[in-house]
Amino acid sequence: QVQVVESGGGLVQAGGSLRLSCAASGSIFSIAAMGWYRQAPGKQRDILATITSGGSTNYADSVKGRFTITIGNAKNTVYLQMNSLKPEDTAIYYCNALLRQSGTSWTYWGQGTQVTVSS
């Protein structure tokens, strides 16, 4: 079993910053990539940023230049540094871990952490 736990959400004023953390634990045999997503009320879950175990990153246009995803030395922890936050960034932020072995993939999700940006 694999557990994914996010932390670091909270309330921040527009223009402020937050740093989210995500740790995967349990039967981790090969994490191929981890990513951050968010879901605002009444909207679909959108991808924000992904990072491979090798450090390659991709960002959604909506957060490019404001958010930065990094991976920890142990490769089972990722961070999302969020700067210049806007009220429209308010959402539940989710992390996932993609594991791959012998051609099979598994995706595990965390429970999410609330980020609220006040105007």
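# Briefing: salt bridges, pocket and core

Threonine 77 lies in strand 8. With a relative accessible area of 17%, this threonine is buried, because buried means under 20% relative accessible area. The structure is a predicted model.

**Salt bridges**

- Side chains of opposite charge can pair when their charged atoms come close.
- The model has 3 salt bridges.
- Arg38, Arg66 and Asp89 are joined in a network of such bridges.
- In one of these pairs, aspartate 89 bridges to arginine 38, with 2.8 Å between the closest N and O atoms. Aspartate 89 sits in the loop between strand 8 (77–82) and strand 9 (91–101), while arginine 38 belongs to strand 4 (residues 31–39); the two are 51 residues apart, and the pair links distant parts of the chain.
- Are aspartate 89 and arginine 38 buried or exposed? Both are buried.
- Aspartate 89 also meets arginine 66 in a salt bridge, at 2.8 Å from N to O. Arginine 66 is in the loop between strand 6 (57–59) and strand 7 (67–71), and aspartate 89 is in the loop between strand 8 and strand 9, so this pair ties together parts that are 23 residues apart in sequence.
- Arginine 66 is buried, as is aspartate 89.
- Another salt bridge joins the side chains of aspartate 61 and lysine 64, at 3.2 Å from N to O. Aspartate 61 has a relative accessible area of 66% and is exposed, because exposed means over 50%.

**The largest pocket**

- Rolling a probe the size of a water molecule over the atoms shows where empty space is left.
- The largest pocket holds about 170 Å³ of space.
- Which residues line the largest pocket? The lining is made of Arg38, Gln39, Ala40, Lys43, Gln44, Asp46, Ile47, Leu48, Ser62, Glu88, Thr90 and Ala91.
- Strand 5 provides the largest share of the lining, with 3 residues.
- Sorted by class, the lining of the largest pocket has 4 nonpolar, 4 polar and 4 charged residues.

**The largest nonpolar core**

- In soluble globular proteins, nonpolar side chains tend to be buried together.
- The largest nonpolar core has 28 residues, and those with the most contacts inside it are Met34, Trp36, Phe67, Leu80, Met82 and Tyr93.
- Several strands each supply at least two residues of this core: strand 1 (2–7), strand 3 (18–26), strand 4, strand 5, strand 7, strand 8, strand 9 and strand 11 (113–118).
- Which strand gives the most to this core? Strand 9 does, with 5 residues.
- Not counting residues up to four places away in sequence, leucine 80 touches Leu18, Arg19, Leu20, Trp36, Leu48, Ala49, Phe67, Thr68, Ile69 and Tyr93.

- Leaving aside neighbours within four places in sequence, threonine 77 is in contact with Cys22, Ala23, Met34, Thr70, Ile71 and Gly72. Met34 is one of the residues with the most contacts inside the largest nonpolar core.
- Threonine 113 is placed in strand 11. With 11% relative accessibility, threonine 113 counts as buried.
- Not counting residues up to four places away in sequence, threonine 113 touches Glu6, Ser7, Gly8, Gly9, Leu20, Ala91, Ile92 and Tyr93.
- Threonine 113 and serine 21 are 92 residues apart along the chain, and 9.7 Å separates their C-alpha atoms.

**Positive phi angles**

- Most residues other than glycine have a negative phi, and most peptide bonds are trans.
- Lysine 75 has a phi near 65°, a positive value in a residue other than glycine. The residue is in the loop between strand 7 and strand 8.
- At 38% relative accessibility, lysine 75 counts as partly exposed.
- Serine 102 has a phi near 50°, which is also positive in a residue other than glycine. Where does serine 102 lie? Serine 102 is in the loop between strand 9 and strand 10 (104–109).
- The relative accessible area of serine 102 is 77%, and the residue is exposed.

Note on methods. Residues numbered from 1 in each chain as written. Predicted model: local features only at pLDDT ≥ 70, side-chain atom pairs only at ≥ 80, totals over all residues. Heavy atoms only, no water. Salt bridge = Lys/Arg side-chain N within 4 Å of Asp/Glu carboxyl O. Helix = DSSP H or I, 4+ residues; strand = E, 2+ residues; numbered from the N terminus. Buried < 20%, exposed > 50% of the residue type's maximum accessible area, 1.4 Å probe, protein only. 1 Å grid on protein atoms, 1.4 Å probe; cavity = no way out; pocket = protein on both sides within 12 Å on 5 of 7 lines; lining within 4 Å. Points joined across faces, edges and corners; volume = space filled by probe spheres on them. Nonpolar A, V, L, I, M, F, W, Y, C, P; charged D, E, K, R; others polar. Core = buried A, V, L, I, M, F, W, Y, C linked by side-chain atoms within 4.5 Å. Contact = heavy atoms within 4.5 Å.
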